[in-house]
Amino acid sequence: MSKKIKEQIEYEGPERMDPAIQSKLEKGETPFSQSPALPRKDEDDEEDNSFEQLLASKRFKDVVDKVKRYTGMESVSQNQLMNLGSMLMNAVQEIKQIESNNEGYLEQLAVDLVKRELGIPDDAFQYDVEIMSGRGQIGTSGMQTISVEPEDEDVVEQFGVSEDEAEDDLENFIAAFERFDLEKAKRRFVNSLIQGASKKGHYMFHMVEEELNKINPRLLNLYGVVMSVNDLLYWILPDQMTMSAAQGGQGMEGKEEVDPDTDPPTIKAKGLFFPILVHEIIKGVYEALGTQGLPDDPKAAEMVMASQDTLPYEIWDLRLGPVIWEKFTQAYPDKLYEDDMREIQNYLFSRFSALTTEEFFEVAKMIMSGSDEGKQIVSKMVDEIIDELKSQDYEDAMSQFDDDEDDDDDDGLAGFLDDLGISLS
């Protein structure tokens, strides 16, 4: 008997992922394979692909299409790897030469672009950004290469339940690890959203086309070549090669961190050139917004981050994060795309991240499945945020009015009404 074998990753051309990457997707061996945030197919259904395979198929196609668009190549399979590598290196060298006399201008342009497109108020953050002059200056020395798991007693101490909730030590032990696992899964999914949101920064250079053309008309396509080929390498190179390149400063280098101790917080970002700097600034902004998704206790939060914020996981975030973020934004109500509503998108991400783990995964799964229920929940969250902001504006205005009244009773309510042409008498 013959049996038709269905290829689980859907391809539309000769381009193929690295076999080991494809195998991990098909066997369910990625950081997302057991995520409670993703819809799951029935165990008895052998025909349909898993949700992460569908995500990977779409993302890989998008990446291949972009490479073809910017390079003009008809095929970008592994057979073209040498040509792609040479094209990438030449483009990087030309970009650095062009940018060398315009770094200060491009750094400010990157900040202004992110603030405008994300609807970030001028007083929300401070920015300390820099375009690095050469490779190897950033590296990934601060990035963990492996997950650091805490001692069992630390997990019980931080995530254990009260005596009223657990009958004995064993039940408390099990409950603690269940809670810890949920917090780790939540951090994993929030990280994928952060990377997905910031990955769009790689191509936001088209939004400042006029400014870049004044520097050099070749910049736009050079940026496109470098960023699209770099995206492709995450899919066609083995994981170990990708990690080695990143650790050795051979990748598209960038780094960000948030300093919460300044007022307002400071987004610190470095990038090899303009699109990477934009990516890192966006990542810093969403990292600040996403802190609401961590446990309140600093030690518990550190334990979760030590387990999940690693280089291997980040590579998978860069692969699947963009299409996960795309799914998330597809649940937005139409009004959220209006220019004066962009700031609300940031409040929504922060509000979503702050949900309890149970609420978070329930809502995330509905959003990822594209259900009407997910869209209704997001719409309701948006309406609540708008109402709260309106209420806050009103309270701030009344507080200012009360302050004025305390300063001078004659200029209080009567004066306020007089300005409107209304007399108390």
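The structure is a predicted model, in which local features need pLDDT of at least 70 and side-chain atom pairs count only at pLDDT 80 or more, while totals for chains, interfaces and linings use all residues. Residues are numbered from 1 along each chain as its sequence is written, and side-chain values use heavy atoms, with hydrogens and water left out.

The secondary structure of the chain comprises 16 helices and 3 strands. Helices (H or I, at least four residues) and strands (E, at least two) are DSSP runs, numbered from the N terminus. Of the 425 residues, 47% count as buried; buried means under 20% relative accessible area, exposed over 50%, and partly exposed in between, with a 1.4 Å probe and protein chains only. Among contacts (heavy atoms within 4.5 Å) between residues at least 6 apart in sequence, 77% join residues at least 24 apart.

Helix H12 covers residues 311-329 and has 19 residues. From its first C-alpha to its last, H12 reaches 26 Å, close to the expected 27 Å. The expected span of a helix is 1.5 Å times one less than its number of residues. At Leu320, shortly before the proline Pro322, H12 has a kink of about 50°. The bend at a residue is the angle between axes fitted to the seven residues ending there and the seven starting there. H12 is mostly covered, with 15 of its 19 residues buried.

Axes are lines fitted to C-alpha atoms, for helices over the stretch in contact, and angles run from 0 to 180 degrees between N-to-C directions. Angles under 35 degrees count as roughly parallel, over 145 as roughly antiparallel, 65 to 115 as roughly perpendicular and the rest as oblique. A crossing is left-handed if the near helix is turned anticlockwise from the far one by less than a right angle, and right-handed if clockwise.

Helix H5 (residues 152-159) takes part in two of the pairings described here. With helix H11 (residues 298-308), H5 packs at an angle of about 130°, the axes being 10 Å apart. H5 and H11 are therefore oblique to each other, and their crossing is left-handed. On the H5 side the contact is made by Asp154, Val155, Glu157, Gln158 and Phe159, and on the H11 side by Lys299, Ala300, Met303 and Val304. With H6, H5 packs at about 85°, with axes 8 Å apart, so H5 and H6 are roughly perpendicular to each other. Here H5 contributes Asp152, Val155, Val156 and Phe159, while the residues of H6 include Asn172, Phe173, Phe177, Phe180 and Glu183.

In the remaining pair, helix H4 (residues 103-118) and helix H10 (residues 274-290) have axes that come within 9 Å and cross at roughly 45°. H4 and H10 are therefore oblique to each other. Their crossing is right-handed. The contact involves residues of H4 including Leu106, Leu109, Leu113 and Leu118, and residues of H10 including Phe274, Leu277, Ile281 and Tyr286.

Several single residues were also considered. Arg188 is found in helix H6 (residues 169-199) and counts as buried because its relative accessibility is 4%. Leaving aside neighbours within four places in sequence, Arg188 is in contact with Pro31, Phe32, Gln308, Tyr313 and Asp317. Ile385, in helix H15 (residues 372-407), has 2% relative accessibility and so counts as buried. Residues up to four places away in sequence not being counted, Ile385 touches Ile344, Tyr347, Leu348 and Arg351. Ile385 and Leu348 are 37 residues apart in sequence, and their C-alpha atoms are 7.5 Å apart.

Other residues lie in loops. Ser50 is found between helix H1 (19-27) and helix H2 (51-71), and at 13% relative accessibility Ser50 counts as buried. Its C-alpha atom is separated by 8.8 Å from that of Ser33, 17 residues apart along the chain. Leu237 is found in the loop between helix H8 (219-236) and helix H9 (239-247) and, at 15% relative accessibility, counts as buried. Leu237 and Met17 are 220 residues apart along the chain, with their C-alpha atoms separated by 8.0 Å. Beyond neighbours within four places in sequence, Leu237 is in contact with Asp18, Ile21, Leu81, Thr242 and Arg319. Pro264 lies in the loop between strand E2 (254-259) and strand E3 (266-271), and the peptide bond from Asp263 to Pro264 is cis, with omega near -5°.
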